[in-house]
Amino acid sequence: YRVKNIKIADEMFVLNERHVLELCDLIIERGYGFNFWAYARVDTVKERFLEKLKKAGFNWLCLGIESGSKHVRDGVQKGRFSESEIASVVQRIKDVDINVMGNYIFGLPDDDYESMQATLDLAINLNCEMANFYSAMAYPGSQLYQMAVERGWALPEKWHDFSQHSYEQLSLPTEHISAGEVLAFRDKAWQVY
């Protein structure tokens, strides 16, 4: 069908080493010439994968970096790695000529202005080829949703209010700042970046 550009939407794509490496071997062997985009977590990107991923046509890896604050990452079980480890993984990916997109979230439960500024500073310092800035959303079924219910935080009543790109978006407050302040900071981050 002459399809060449493929986005793999599985956020855990690089987790299963055998699966990833065997898939890459088959793609390389068949010479498809694909241009892949895939998601990965900072703690699942292994240096031994990178050259093979590149050779198979993976030209973009999107990382859920989330926050520049270890304290905030710890609060959402994403703190298993340090800022220097994040920078090291990003650099290793760039070293094999794979582009990096960093995803960052403002308004996680422990966020305040200082931690959100640390997140923006990290995004600027990493200088990924692309960055996405989101506000934390309490999607139904998530731990964050349950926390919001327990704390009596306002939650969207319509599905489109959960959208990051909706005018009606209703993001969460944090323990320290209002939902409106989170959105204002997120919007400022786009401009600064």
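**Terms and the values behind them**

Mentor: Let us begin with Asp 43, which counts as partly exposed at 24% relative accessibility. This is a predicted model, in which local features need pLDDT of at least 70 and side-chain atom pairs count only at pLDDT 80 or more, while totals for chains, interfaces and linings use all residues. Residues are numbered from 1 along each chain as its sequence is written, and side-chain values use heavy atoms, with hydrogens and water left out.

Trainee: Why is Asp 43 called partly exposed?

Mentor: Buried means under 20% relative accessible area and exposed means over 50%, with partly exposed in between (1.4 Å probe, protein chains only). The value for Asp 43 is 24%, so this residue counts as partly exposed. Arg 41, at 25%, is also partly exposed.

Trainee: What makes the pair of Arg 41 and Asp 43 a salt bridge?

Mentor: A salt bridge requires a side-chain nitrogen of Lys or Arg within 4 Å of a carboxyl oxygen of Asp or Glu. The closest N and O atoms of Arg 41 and Asp 43 are 2.7 Å apart, so the pair qualifies. In general, side chains of opposite charge can pair when their charged atoms come close.

Trainee: How many salt bridges are found in the whole structure?

Mentor: The search finds 8. Among them is the pair of Lys 54 and Asp 97, with an N to O distance of 3.9 Å. This pair links distant parts of the chain, 43 residues apart: Lys 54 is in helix α2 (residues 47-56), and Asp 97 is in the loop between α4 (83-95) and β4 (99-106). Helices (H or I, at least four residues) and strands (E, at least two) are DSSP runs, numbered from the N terminus.

Trainee: Are Lys 54 and Asp 97 exposed or partly exposed?

Mentor: Asp 97 has a relative accessible area of 52% and is therefore exposed, whereas Lys 54, at 24%, is partly exposed.

Trainee: What does the salt bridge between Arg 151 and Glu 175 tie together?

Mentor: The side chains meet at 2.0 Å, N to O. Arg 151 lies in helix α6 and Glu 175 in the loop between α6 and α7 (179-192), so the pair ties together parts that are 24 residues apart in sequence. Arg 151 is partly exposed at 40%, and Glu 175 is partly exposed at 44%.

Trainee: Which residues does Met 147 touch, not counting residues up to four places away in sequence?

Mentor: Met 147, in helix α6 (residues 143-151), touches Pro 109 and Trp 153. Contact here means heavy atoms within 4.5 Å. Met 147 and Pro 109 are 38 residues apart in sequence, and their C-alpha atoms are 9.0 Å apart in space.

Trainee: Which residues make the nonpolar surface patch of about 240 Å²?

Mentor: The patch is made by Ile 124, Val 192 and Tyr 193. Patch residues need over 30% relative accessible area and no salt bridge; like charges are joined within 9 Å, and nonpolar side chains (Val, Leu, Ile, Met, Phe, Trp, Tyr) within 5 Å. Accessible areas come from the Shrake-Rupley method.

Conventions:
Areas by Shrake-Rupley, 256 points an atom, 1.4 Å probe, with all protein chains shown as cover.
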